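Work through these exercises with the structure in view. Try each task before you read its solution.

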Amino acid sequence: MGLLPLHHTRHHHTPHSKSPRSRTSSPSTRRRSGIILKRIASLLVTVAIVGLWCARDLVYDSYTLAALPLFKWRQHGSSFYLSRESDGFDVTFESYPVNQTSAVGTRLGWWGSGEEGYEDRVPGILHHIALGPQENQKEGWEEARERCVELHPGWEAMLWTDEKAEELVREHYPEMLALWEGQGGYKYGIQKVDALRYMVLYHYGGVILDMDLQCKRALGPLRRFDFVAPAANPTGFSIGFMMAEKGNTFVGELVANLKRYNRHWLGLPYPTVMFSTGCHYASTIHAFFKGDRSKLKILGGTKGNKKLHMLSGPVNTPLFKHLGSSSWHSYDAAMIVNLGKSVGESRWRLPIMFLFAGGLFFLIIRRIRRRVGGLKV
């Protein structure tokens with residue numbers, strides 16, 4: 001048998017075999033990949049910028065609401081919390097007669113006798129709000145209101161029902177009708193109650209009281225201040241009791257910002273109410289108020305009792321017996337309140353910030369989808 005030709009003994013390369021060099025991408029391929037990645041990154045940045053621009057109001061409003069408990073409320077707090085040292089005011093009310101209905105001639109005896117008294121900046125008007133069917137009014141509410149009226153003889157007493165409230169909105173706040181009765185308006189009845197507080201207080205001045213607050217003494221000593229409200233737990237102030245002069249600038253801001261903050265916050269009833277019309281909303285406007293916050297007085301407590309005037313649940317304060325009828329609170333209320341109480345602990349600040357960031361991201365995405373869906377191609 002003869003030998004095979006020499007060329008038959010060489011190794012043959014299959015068409016699919018590749019040299020190690022061929023597996024390495026060429027410089028031109030790497031350049032193309034880099035260009036594609038840069039374009040994708042630029043597109044993502046552009047989408048993010050456009051999204052933030054479309055939702056800029058939402059981003060800012062969310063920041064203000066989140067900043068309130070984290071750091072904003074306590075800034076310059078010593079200037080607006082009522083105290084004996086800065087205001088010559090006895091927050092325990094032990095120095096004032098129970099039936100004192102005016103601030104005129106009422107300087108504290110231990111603060112300097114013989115001095116002239118203060119003027120009444122707050123009108124002598126008591127406002128109570130009773131929206132909805134009268135059968136929904138709870139036991140004890142009418143008696144509580146009557147006691148407040150009795151302690152303020154000579155004051156005007158106004159009870160705001162649905163008919164009177166709608167008349168006020170139509171005549172003096174027509175720009176608010178969309179919130180009051182429009183499709184995108186308030187979803188919960190308590191939102192109307194809260195909004196009405198601000199509108200009534202701005203238009204008339206006087207004192208706004210929840211129906212479940214039974215007065216234990218007259219509110220005359222506080223009439224010398226432009227605005228007064230009790231401190232709330234864990235931060236801010238309560239809107240269940242407010243008093244203000246007619247046409248107060250800050251109260252005007254509370255009315256003016258109602259439209260801006262009218263959102264379905266976090267998709268839950270409790271934060272929706274608190275952030276759109278409730279205590280958190282009002283406290284946020286206070287914290288970011290560009291005027292003189294020292295004139296917006298908060299009735300806090302003493303060094304030994306910081307919660308002296310807080311209206312949380314059924315409590316007795318120097319001014320009121322609170323029946324504690326916050327029936328509108330929903331299943332999510334406890335979670336939000338507990339989060340708020342934990343804000344002061346540094347270990348909770350990061351999780352809370354992530355919670356707000358997640359909620360904000362959800363709202364931004366929903367806003368972008370709505371706007372994109374509304375575009376005509």
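**Exercise 1.** Which residues does F227 touch, not counting residues up to four places away in sequence?

Solution. 
- Step 1: Apply the cut-off. Contact means heavy atoms within 4.5 Å.
- Step 2: List the partners. F227 touches F237, M242, M243, A244, N248, F250, V251, K295, L296 and K297.
- Step 3: F227 is found in strand β5, residues 227–230. Strands (E, at least two residues) and helices (H or I, at least four) are DSSP runs, numbered from the N terminus.
- Step 4: Classify F227, buried or exposed? Buried means under 20% relative accessible area, exposed over 50%, partly exposed in between (1.4 Å probe, protein chains only). F227 has a relative accessible area of 0%, so F227 is buried.
- Step 5: Look along the chain. F227 and R121 are 106 residues apart, yet their C-alpha atoms are separated by 9.0 Å.

A note on the model: it is predicted, local features need pLDDT of at least 70, side-chain atom pairs count only at pLDDT 80 or more, and totals for chains, interfaces and linings use all residues. Residues are numbered from 1 along each chain as its sequence is written, and side-chain values use heavy atoms, with hydrogens and water left out.

**Exercise 2.** Describe how helix α9 packs against helix α11.

Solution. 
- Step 1: Find the helices. α9 covers residues 189–204, and α11 covers residues 269–276.
- Step 2: Read the geometry. The angle is about 10 degrees, and the axes lie 10 Å apart. Axes are lines fitted to C-alpha atoms, for helices over the stretch in contact; angles run from 0 to 180 degrees between N-to-C directions.
- Step 3: Name the arrangement. Angles under 35 degrees count as roughly parallel, over 145 as roughly antiparallel, 65 to 115 as roughly perpendicular and the rest as oblique. α9 and α11 are therefore roughly parallel.
- Step 4: List the contact. α9 supplies I190, Q191 and D194, while α11 supplies T272, V273 and S276.
- Step 5: Sort by class. Two are nonpolar, three polar and one charged. Ala, Val, Leu, Ile, Met, Phe, Trp, Tyr, Cys and Pro count as nonpolar, Asp, Glu, Lys and Arg as charged, and the others, Gly among them, as polar.

**Exercise 3.** Why is α11 largely enclosed by the rest of the structure?

Solution. 
- Step 1: Check each residue. P269, Y270, P271, T272, V273, M274, F275 and S276 are buried.
- Step 2: Conclude. Eight of the eight residues of α11 are buried, so the helix is largely enclosed.

**Exercise 4.** Describe how α10 packs against α12 and against α9.

Solution. 
- Step 1: Take α10 (residues 249–256) and α12 (residues 279–287). They pack at about 125 degrees, with axes 10 Å apart. That makes α10 oblique to α12.
- Step 2: List this contact. F250, E253 and L254 of α10 meet Y281, A282, I285 and H286 of α12. Five of these residues are nonpolar, one polar and one charged.
- Step 3: Turn to α9 and α10. Their angle is about 140 degrees, and their axes are 9 Å apart.
- Step 4: List that contact. Y198, M199, L201 and Y202 of α9 meet V251, G252, L254 and V255 of α10. Seven are nonpolar, one is polar and none is charged.

**Exercise 5.** How many helices and strands are in the protein, and what share of its residues is buried?

Solution. 
- Step 1: Count elements. There are 14 helices and eight strands.
- Step 2: Take the share. Of the 377 residues, 43% count as buried.
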